[in-house]
Amino acid sequence: MQTQDLLAGDTGMGAVTLRVADLDRMTAFYTEGVRLSILTSDHGRTVLGRGVVPILVLEHAPELQHAGAHEAGLFHTAVLFDTRADLAAALYSVATRYPQSFTGSADHLVSNAFYFTDPEGNGVELYWDRDRTEWSWTHGTVDMATIFLDPNAFLREHLTQDALDDAAARPGRVGHVHLSVGDVATAKAFYVEQLGFATTAGWGEALFVSAGGYHHHMAMNTWNSRGAGRRQLALGLGLVRIEVPGTDDLGSLTERMRHHGVQLADDGRTVAFEDPWANRIEVSAPGRD
């Protein structure tokens, strides 16, 4: 790809919107468990985050049904913590209050990660990144692995009372978003060749993509959803947000997507479109009027 066809290096992920059936129950999981705080809440819409940074938007939609187990949609939202102490505090809280939600853990070489499922079946990853100087790359592909990570040993080594006491005020953000899709080739055509991410890793059933040399801002897999078609309106993923650094970056992306025939909605602040499985994507830049 030409450099001008790539997303800007400082691109990041914004808050993920989930449509939920039980707003109170879901809010409790993410505040009492994951240790996010309520930033705003009104008219059936609750914004959760760390400090002043939004991470999740929960939209009450009790009229909707859950999607089928093998349909496209969210695989997990990944919350990135600045320190291992902050990750340990979140791990301790959710494992203590919602022990049945824990689904696994791994040292991925680039990161330490712990996995959960929220009360309505949405995947959650809580993770901390090693410094980029410790990552290894081979022919443009970042070296990642799945090595057992003992959660109890992690807590013994990194949990502090300060991190527990100040959890909601300490830094955190959406590090990446992982989707379930129908096929990887179509995902690559859309997210790499059209949207402008660079491929950082991949094998037959999974693709990892990023901007600016991050290990991945987004991932797509077919582990549970091979052959899935476009989504119907359902509980679960409502919106994935991508944040580019400036208006010129947003303008370049908009031109590129239109060139590829992608239908866009532009309200003057954000540009929105759907991927091939009807996952809605919204891209914004700071200060755009």
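The axes of helix H2 (residues 84-97) and helix H3 (residues 151-158) come within 9 Å and cross at roughly 125°. Axes here are lines fitted to C-alpha atoms over the stretch in contact, with angles from 0 to 180 degrees between N-to-C directions. This is a predicted model, in which local features need pLDDT of at least 70 and side-chain atom pairs count only at pLDDT 80 or more, while totals for chains, interfaces and linings use all residues. Residues are numbered from 1 along each chain as its sequence is written, and side-chain values use heavy atoms, leaving out hydrogens and water.

H2 and H3 are therefore oblique to each other; angles under 35 degrees count as roughly parallel, over 145 as roughly antiparallel, 65 to 115 as roughly perpendicular and the rest as oblique. Arg84, Ala85, Leu87, Ala88, Leu91 and Tyr92 of H2 make the contact with Pro151, Phe154, Leu155 and His158 of H3, where contact means heavy atoms within 4.5 Å.

Helix H5 covers residues 184-194. Within H5, Val184, Ala187, Phe190, Tyr191, Val192 and Gln194 are buried, meaning under 20% relative accessible area with a 1.4 Å probe and protein chains only.

Thr17 belongs to strand S2 (residues 16-20). Thr17 counts as buried because its relative accessibility is 2%. Leaving aside residues up to four places away in sequence, Thr17 touches Val57, Glu59, Gly236, Leu237, Gly238, Leu239 and Arg241.

Methods
Helix = DSSP H or I, 4+ residues; strand = E, 2+ residues; numbered from the N terminus. Buried < 20%, exposed > 50% of the residue type's maximum accessible area, 1.4 Å probe, protein only.
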